[in-house]
Amino acid sequence: MKRLAVLFTILAVLAAALLLLLPKGTQKRQPDAEHQIILGFSQLGSESGWRIGNTRSVIAAAERAGVQLMFKNAEQKQENQIDAIRSFIAYQVDVIAFAPIVEDGWDNVLREAKDAGIPVICSDRSVTLEDESLITGFVGSDFYQEGVRAGEYLIKKIAGVTGPVRIAEISGTLDSTPMRDRAQGFRDTIEKDARCQVVYSESGDFLRSKGKEVMVDVLATAGEVDVLYSHNDSMTLGAIETIEQHGIVPGKDIIIISVDGEQGAIDLLKQGKINCVVECTPMLGDVIMTLARRLAQGETIDRVTYSQETVFTDFDEDMLSIPPRGY
Ligand code: GZL
């Protein structure tokens, strides 16, 4: 009996040694047609109606697609996302997808994923990397174009206005892709019109509470403001609370341009309290599952997959018929 135990021990040690000797990235289980795909998804938080809608979309799509989803909410902390990705690697998921809260600081953990042979998709936001091969693809919005659409609306809205047109911007999470690109796309569009002046810009971190606070500072320090450009609807709704508390009529005394397309913002658009809502769809779940399945089966995917989006404005004759938004 004792000889048998010794034999088993030797075999176990040899097996473990063999695994360690294998080149990195080959220990992972290879999916086959019968095997259910396992997707690790790191969500950045629950900061806005958009984010909650995005989470619902991912979970429902995994259910529909028959994908086993390991979902972790980082509650607005990059370190929690990094920990989540490491746990997916340890579990040897087939694919990892994540919505990076900021663009920088991902090289090491994404190198670990690549060494483990696990492809990674950026969902919703992008990352800045020394080695761009660490990410297989991006699925989400073209935030720069969202900024351009906001700027194009404003130019149309101020037709006939002498100027100057003084603009306050409440931006999203610092160093996040939507914040950087929505700001740049807007500026590149309005800079062609000498009347437009951005007189104030401060981050509201995509949070309603901070949008309300920042708007207090706008009204206290920026002087006469003709336009509010807010990077998401949650901050816009908070800012409008402040605007109304100061006896200012939103959508009339101050032009309000917002991004996302949450139901709450569309409702205020219909009431004339918001003038323009640039759509940014959170419904990315089905595309993520399609891309994950391709990767798990060893296929390639496009480097960038953009969502199709529109813009809702007070120029639209059919504004009142905008269907329910679902987020
Ligand atoms: C955009 C997304 C942004 C939304 C905000 O794709 O990353 O983050 O515009 C959300 O509402 O907080």
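Contact is defined as heavy atoms within 4.5 Å. Helices (H or I, at least four residues) and strands (E, at least two) are DSSP runs, numbered from the N terminus. Axes are lines fitted to C-alpha atoms, for helices over the stretch in contact, and angles run from 0 to 180 degrees between N-to-C directions. On these terms, helix α7, residues 208-221, lies across β6 (165-171), β7 and β8 (227-230), and runs at about 135° to β7.

The model is predicted, so that local features need pLDDT of at least 70 and side-chain atom pairs count only at pLDDT 80 or more, while totals for chains, interfaces and linings use all residues. Residues are numbered from 1 along each chain as its sequence is written, and side-chain values use heavy atoms, with hydrogens and water left out.

An open sheet is formed by 6 strands in the order β7-β6-β8-β9-β10-β12, with mixed pairing; two strands pair if DSSP finds at least two bridges between them. At the edges stand β7 (196-203) and β12 (311-313), each of which pairs on one side only. From one strand to the next, the twist averages 15°. Within this sheet, β9 (residues 255-260) and β10 (residues 276-279) run parallel and are joined by 4 bridges. V259 has V278 in β10 as its bridge partner.

Some features of the backbone lie in loops. The peptide bond between G163 and P164 is cis, with omega about 0°. P164 belongs to the loop between α5 (143-157) and β6.

Two residues other than glycine have a positive phi. For E75, phi is near 50°, and this residue is found in the loop between β2 (68-73) and α3 (78-91). For Q92, phi is about 60°; the residue is placed in the loop between α3 and β3 (95-98). E75 is exposed because its relative accessible area is 57%. Q92, with a relative accessible area of 30%, is partly exposed.

Q43 is located in strand β1, residues 38-43. With a relative accessible area of 0%, Q43 is buried. When neighbours within four places in sequence are left aside, the residues in contact with Q43 are R51, N54, T55, F71, K72, N73, A74, Q81 and A99.

Notes:
Buried means under 20% relative accessible area, exposed over 50%, partly exposed in between (1.4 Å probe, protein chains only).
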